[in-house]
Amino acid sequence: LFVLASCTNEINEEGFVDKENTISFKAYSNKTRAYQGGDADISVMKTGSFGVVGYTSDNNIYLGSTNKAIEQSWNSTSWDYATPSDLKYWPANSMDFYAYFPYSAQGDVFAQSDASGDVMTITNESGNQDILFAHAADISQTNYVPLYFKHALSKLKAVYIKVNAVDVQVEVQKITFLNTSTKGKIKVDYSGNASYETTLNDAPRFFD
């Protein structure tokens, strides 16, 4: 006769997983950056998945690993673990969380500790997607951790040229956008602030 025991209520006597103490999430996205399409909002997020890592109050990674976030996907009613074996239960103390959308199984890096410096590094080499990120700090055990996603990248909707002189027509030959990039790395630090590391050959944009 073998007896299986657990220090939590993770598995009840019928063998089913008890999700009472599961670390679970709710996701929210702010308004899109422009009125034109192509921006990720909550409806777009629900068609894909986001990645999340979590750190305990001693600043050590607990949910996820340094080279892989935990994937959360929409199951028609709530966000849930895409891979059931990734499921984690609340530790005794509070936690910090870092999340991003869209999820990638590889290419993104997470620090072992979130005590200082950059914690989450998201690689964007395609240059054609909207990227969101979220940070939730010092969260004690709760039914759902609220993740408020922000746009990591800016978007130009239109360029307007104003001429004050009357009856003057202007023909634009060229517009140069400086300090812009579509590829590189997005870094989120321990305070939830984003910075950017651009690809060296990603030049300024010229429009005739």
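Predicted model: local features only at pLDDT ≥ 70, side-chain atom pairs only at ≥ 80, totals over all residues.
**Stop 1: Val168**

Select Val168. It sits in the loop between strand E10 (145–151) and strand E11 (175–177).

Together with Val168 they form a nonpolar patch on the surface. The accessible area of this patch is about 470 Å².

**Stop 2: a stacked pair**

Move on to the aromatic rings. The whole structure holds nine aromatic pairs. One of them is Tyr28 with Tyr148, and this pair is stacked. The ring centres are 4.9 Å apart, and the planes make an angle of 15°. Tyr28 belongs to strand E1 (residues 25–29), Tyr148 to strand E10. The two are 120 residues apart, so the pair links distant parts of the chain.

Are these two tyrosines buried or exposed? Tyr28 has a relative accessible area of 35%, which makes it partly exposed. Tyr148 reaches 54% and counts as exposed, because the cut-off for exposed is over 50%.

**Stop 3**

Show strand E2 (residues 49–56) and strand E4 (residues 70–74). They run antiparallel and are joined by four bridges. Pick Phe50 and look across to E4: its bridge partner is Gln72.

Next, colour strand E5 (residues 79–81). E4 and E5 also pair in the antiparallel sense, over three bridges. Here Ser73 stands opposite Asp80 in E5.

Four residues lie between the strands. Stop at Ser76, which takes a positive phi near 90°.

**Stop 4: the aromatic cluster**

Which residues form one aromatic cluster? Select Phe25, Phe50, Trp74, Trp79, Trp90, Phe97 and Phe149.

**Stop 5: lysines over rings**

The charged end of Lys46 sits over the ring of Trp74, 4.1 Å from the ring centre.

Finish with Lys88 and Tyr62. Lys88 lies over the face of Tyr62, at 4.6 Å from the centre of the ring.

Notes:
Residues numbered from 1 in each chain as written. Heavy atoms only, no water. Pairing = 2+ DSSP bridges. Patch = residues over 30% accessible without salt bridge, like charges linked within 9 Å, V, L, I, M, F, W, Y side chains within 5 Å. Areas by Shrake-Rupley, 256 points an atom, 1.4 Å probe, with all protein chains shown as cover. Salt bridge = Lys/Arg side-chain N within 4 Å of Asp/Glu carboxyl O. Phe/Tyr/Trp six-rings, centres within 6.5 Å; stacked < 30°, edge-to-face > 60°. Buried < 20%, exposed > 50% of the residue type's maximum accessible area, 1.4 Å probe, protein only. Lys NZ or Arg CZ within 6 Å of the ring centre and 35° of its normal.
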